[in-house]
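User: I have a structure open and would like to learn how to read its features one by one. Could you walk me through them?

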Amino acid sequence: MSKSTELVKRAEFVIPGGVNSPVRAYRSVGGNPPFICRGEGARIFDVDGNSYIDFVCSWGPLIHGHNHPKIKGAIVRALEDGTSFGAPTEIEVEFAELLTGILPGVEMIRFVSSGTEATMSALRLARGATGRDRVIKFDGCYHGHADSFLVQAGSGVATFGIAGSPGVPNSLAELTISLPYNSLESVEASLGEFGAETFAAIIVEPVAGNMGLVLPEAGFLEGLRKLCDIHGIVLIFDEVMSGFRVAVGGAAERFSVTPDLATYGKVIGGGLPVGAFGGKKELMSFLAPMGPVYQAGTLSGNPLAMAAGKASIELLLEDKSITRLETQGRLLTDALNKFAAESGIEIVSTVCGGMFGFFFSGDRVKSFADAKESNQENFLRFFHGALKRGLYFPPSAYEACFMSSCHDKLVLEEAISTIASIFREDF
Ligand SMILES: *Cc1c(COP(=O)(O)O)cnc(C)c1O
């Protein structure tokens, strides 16, 4: 028995499903996940001595690859002075100053420890500031696992076909209206149906990465901005995944649409647990202790996490790598398109900055309904063919893939020739 298989058995005995986050468990693709013991650059290594080119990058955070010397150095330096104080520190101010300088519309920012906390807090703030309760989200978008967002959600909720979640009170779920992504008409219809003045917020992944990678159609984000302006609704861009990935300033920069509040996670922590939400001063001032909306965290702004996050963002600003990541993504997806076509397999792929994705489908995917039409059998065949040959992709057709600056020409050439073998031999 391999060591990973042995660990799965031990894990399943003491941790529900053997994992601390559902999609890691490989339930939707079958088989057991490899247990990872080390990462270096573009590669990860499992406890059985296998190595993989990693296109998951810890689900997005590791834009500079694994074990980057500068990020590691920053963490080690911070560690010398202690791990946590629960008191204000200089690095929080420096990092907040850096971020408010580069994130569109973010005049003030507050740090938390995960993306879930960021979106949950942003929604509370929007409700507190407007005095309204309803929220619009979009099918297949994932905003973390707070109660209000587990309605037609993406990521693991999509992977396992769960419509909502037991444990979320109906009285709360009723306040969340989930609509088809890219459909402004359905937003207008819902505002009309329920009364626009009852909506606190519209929250959207401005580039959707939790139903596979789905781009906003031209005019969609602009249209949401306009409707929010007209009706005094808070527009929240959930940039937990797209932030620092599709442009340094996220989708707000890339598509020149500025939200009222934005949420961040993943890349912002450089591989340590960090989330953040920010926006206009006027809105952020509703937060305690300035205002009445309560939000707090024992480990928020933790010095190790701040050091990793700040080092990661500084590196990103230094080497201006987003366009390079996009070129890398294009190289890989061009190869996917080419080899799939040679085998007579339908595929559509998308690249946006340091994110990329593909659906085994004949048509461009614009919504979660489209994503669900894609060919799952071909996905499974590709996924397992890749894994056994040393390419690590997300274990679900409803997840985006990620590039790091370490996925250089040599690494990609290796990945591309492996992809050629998958389509030649397994399809
Ligand atoms: C990952 C993700 C979250 C949740 O972040 P966690 O750190 O896992 O809590 C929220 N929104 C989006 C868009 C995400 O991709």
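Analyst: Happy to; we will go from domains to cores, cysteines, the ligand and a few backbone details. This is a predicted model, where local features need pLDDT of at least 70, side-chain atom pairs count only at pLDDT 80 or more, and totals for chains, interfaces and linings use all residues. Residues are numbered from 1 along each chain as its sequence is written, and side-chain values use heavy atoms, with hydrogens and water left out.

User: Into which domains is the chain divided?

Analyst: Domain bounds come from an automatic or database domain assignment. Here the chain is split into domain 1 (3-67 + 320-426) and domain 2 (69-318). Their C-alpha centres lie 25 Å apart. Contact means heavy atoms within 4.5 Å, and 39 residues of domain 1 are in contact with 38 residues of domain 2.

User: How do I read a nonpolar core, and which residues touch the most other members of the largest one?

Analyst: A nonpolar core is a set of buried Ala, Val, Leu, Ile, Met, Phe, Trp, Tyr and Cys residues joined through side-chain atoms within 4.5 Å. Buried means under 20% relative accessible area, exposed over 50%, and partly exposed in between, using a 1.4 Å probe and protein chains only. The largest core has 70 residues, and Phe 55, Phe 111, Leu 332, Phe 382 and Phe 393 touch the most other members. Helix H11 (residues 303-319) gives the most to this core, with 9 residues. Helices (H or I, at least four residues) and strands (E, at least two) are DSSP runs, numbered from the N terminus. At least three residues of this core come from each of domain 1 and domain 2.

User: What is Phe 55 in contact with, beyond its neighbours within four places in sequence?

Analyst: Its partners include Leu 332, Phe 356, Leu 391, Phe 393, Cys 401, Met 403 and His 407.

User: Which residues are around the ligand?

Analyst: A residue is near a molecule if one of its heavy atoms lies within 4 Å of it. The residues around this ligand include Ser 114, Gly 115, Thr 116, Tyr 142, His 143, Glu 205, Asp 238 and Lys 266. For polar contacts, look for a pair of N or O atoms within 3.5 Å. A backbone N or O atom of Gly 115 is 2.8 Å from a ligand oxygen atom, and a polar side-chain atom of Thr 116 is 2.6 Å from a ligand oxygen atom. Tyr 142 places a backbone N or O atom 3.2 Å from a ligand nitrogen atom.

User: Gly 115 is part of that list. What C-alpha distance separates Gly 275 and Gly 115?

Analyst: Their C-alpha atoms are 5.0 Å apart, although the two residues are separated by 160 residues along the chain. Gly 275 lies in strand E10 (residues 275-279) and is buried, at 0% relative accessibility. Not counting residues up to four places away in sequence, Gly 275 touches residues including Phe 111, Ser 114 and Tyr 264.

User: And how do I read backbone angles?

Analyst: Most residues other than glycine have a negative phi, and most peptide bonds are trans. Lys 266 is not a glycine, yet has a positive phi of about 45°. Lys 266 sits in the loop between strand E9 (261-264) and E10, and is partly exposed at 24% relative accessibility. Tyr 26, also not a glycine, has a positive phi of about 65°. Tyr 26 is in the loop between helix H1 (3-14) and strand E1 (36-40), and is buried at 2% relative accessibility.

User: Which peptide bond is cis?

Analyst: The one from Ala 288 to Pro 289 is cis, with omega near 10°. Pro 289 lies in the loop between helix H10 (281-284) and H11.

Technical notes:
A polar contact is a pair of N or O atoms within 3.5 Å; within protein, one must be able to donate a hydrogen and the other to accept it, and residues adjacent in sequence count only if both atoms are side-chain atoms.
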